[in-house]
Amino acid sequence: MKSKNILSIKFIVLLSFFSLLLFGEGRAKTIINGIVAVVNEDIITYRDLESSLKPYIPYIKEKYRTEKDREKAFLLLKQKTIEKLINNQLIVQRAKLLGIEASSEQIDSAIEDIKKNNSLDEKQFEANLIKEGLSLEMLRKKIQEQILYSRIANYRIKSKVVITEKDIENYYRDNIEKFGGTKMYHLRNIVIKTPKFMDDYQQAEVTLKITDVEKKLKMGIPFENVARTFSEISNKDKGGDLGFIKKEDIAKNIREEIEKTGIGNYTKTLEIQNSYQIFYIEGIKEGRAEPLENVRDEIEKKLYEKALDTKFQEWLKELRETAYIKVMDKDD
């Protein structure tokens, strides 16, 4: 009986909390500041959770029209936020253990940098906080966590991150388009149109055409000749010539087939927007990319930040494995 009463109380708390955030005080006058989670010797309260969720609630209310969709989105956000709060608490605890602090002066300095970098006076700064659904206290807490993250990363993690020249070269090669090396494909295509709604007779007729086209191509008849005979769009007189098209301008499903086909070959028959199409790769042209020497520092920084985040997540995972964590509304 006692267990059922506890569950009932917790359900009321969650319902009140959810209603308050999504529907305002008219639907829930008060919120009980109970415990959401226990993290070692510290607790996370519903008030902590409310403060973290509050900036995102207008977005949920705007994006989702029904209460059911809003509730689903809210519960997913709530779950992710609880996990983030637990991680933040673990970071703060470990920082305290290591004697790492974020002083009030450092936080004040960071806030002044925000104002300066965004050309904000005090009134504009306060207006922006309100617009983002933040209080000054919430912002200071976020900045404190960022400072602790940075100092712990320097203290425990950065020495383990090594970016080699090979890493930089591989990233440059695999992402050449990001540095101006745009790949362009010279394509031809054959298009067989299909009615929006086909009966059995029309389906058989289209299938016969496709079979005939594929047969001609397998016989070695030049693609452009087959296109002139069978293609059903205006470029058929040019042998289906589409000219050069940038890789990023080609639809993903078509691009994937083209990339594995190679110059001088044609793709399998693809079903695309009320038509069947076959593409022929006439040629490939590589754009001139920014030299590696000019972008080496940019790549190294990107790889370093990614590797640092990976190491940090691994470190967080280790913290969680050795910590006492109890999420109240999940486990009770």
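In strand E6, Phe279 is the bridge partner of Asn189, with strands (E, at least two residues) and helices (H or I, at least four) taken as DSSP runs numbered from the N terminus. The model is a predicted one, in which local features need pLDDT of at least 70 and side-chain atom pairs count only at pLDDT 80 or more, while totals for chains, interfaces and linings use all residues. Residues are numbered from 1 along each chain as its sequence is written, and side-chain values use heavy atoms, with hydrogens and water left out.

The pair Asn189 and Phe279 belongs to an open sheet of four strands, arranged in the order E4-E3-E6-E5 with antiparallel pairing, where two strands pair if DSSP finds at least two bridges between them. At the edges of this sheet stand strand E4 (241-246) and strand E5 (270-271), each of which pairs on one side only. Strand E3 (residues 183-193) and strand E6 (residues 275-286) run antiparallel and are joined by 11 bridges; Tyr185 has Ile284 as its bridge partner in E6. Towards E4, strand E3 is likewise antiparallel and is joined by five bridges, and Met184 stands opposite Lys246 of E4.

Helix H10 (residues 223-230) lies across E3 and E6 and runs at about 35 degrees to E3, whereas helix H11 (residues 252-259) lies across E3, E5 and E6, at about 110 degrees to E3. Axes are lines fitted to C-alpha atoms, for helices over the stretch in contact, and angles run from 0 to 180 degrees between N-to-C directions.

Helix H10 also packs with helix H9 (residues 200-218), their axes coming within 10 Å and crossing at roughly 155 degrees. H9 is therefore roughly antiparallel to H10, angles over 145 degrees being counted in this way, those under 35 as roughly parallel, 65 to 115 as roughly perpendicular and the rest as oblique. The crossing of H9 and H10 is right-handed, meaning that the near helix is turned clockwise from the far one by less than a right angle, and left-handed if anticlockwise. Contact (heavy atoms within 4.5 Å) involves Asp212, Val213, Lys216 and Leu217 in H9 and Phe223, Val226 and Phe230 in H10. These residues divide into five nonpolar, no polar and two charged, where Ala, Val, Leu, Ile, Met, Phe, Trp, Tyr, Cys and Pro count as nonpolar, Asp, Glu, Lys and Arg as charged, and the others, Gly among them, as polar.

A further helix pair is formed by H4 (residues 67-98) and H7 (residues 136-157), which pack at an angle of about 55 degrees with their axes 10 Å apart. H4 is therefore oblique to H7, and the crossing of the two helices is left-handed. From H4, Asn88, Ile91, Val92, Arg94, Ala95 and Leu98 meet Glu145, Leu148, Ile152, Tyr155 and Arg156 of H7, a contact whose residues divide into seven nonpolar, one polar and three charged. Helix H4 also holds Thr81, which is buried with a relative accessible area of 9%. Leaving aside neighbours within four places in sequence, Thr81 is in contact with Leu49, Ser52 and Leu53.

Notes
Buried < 20%, exposed > 50% of the residue type's maximum accessible area, 1.4 Å probe, protein only.
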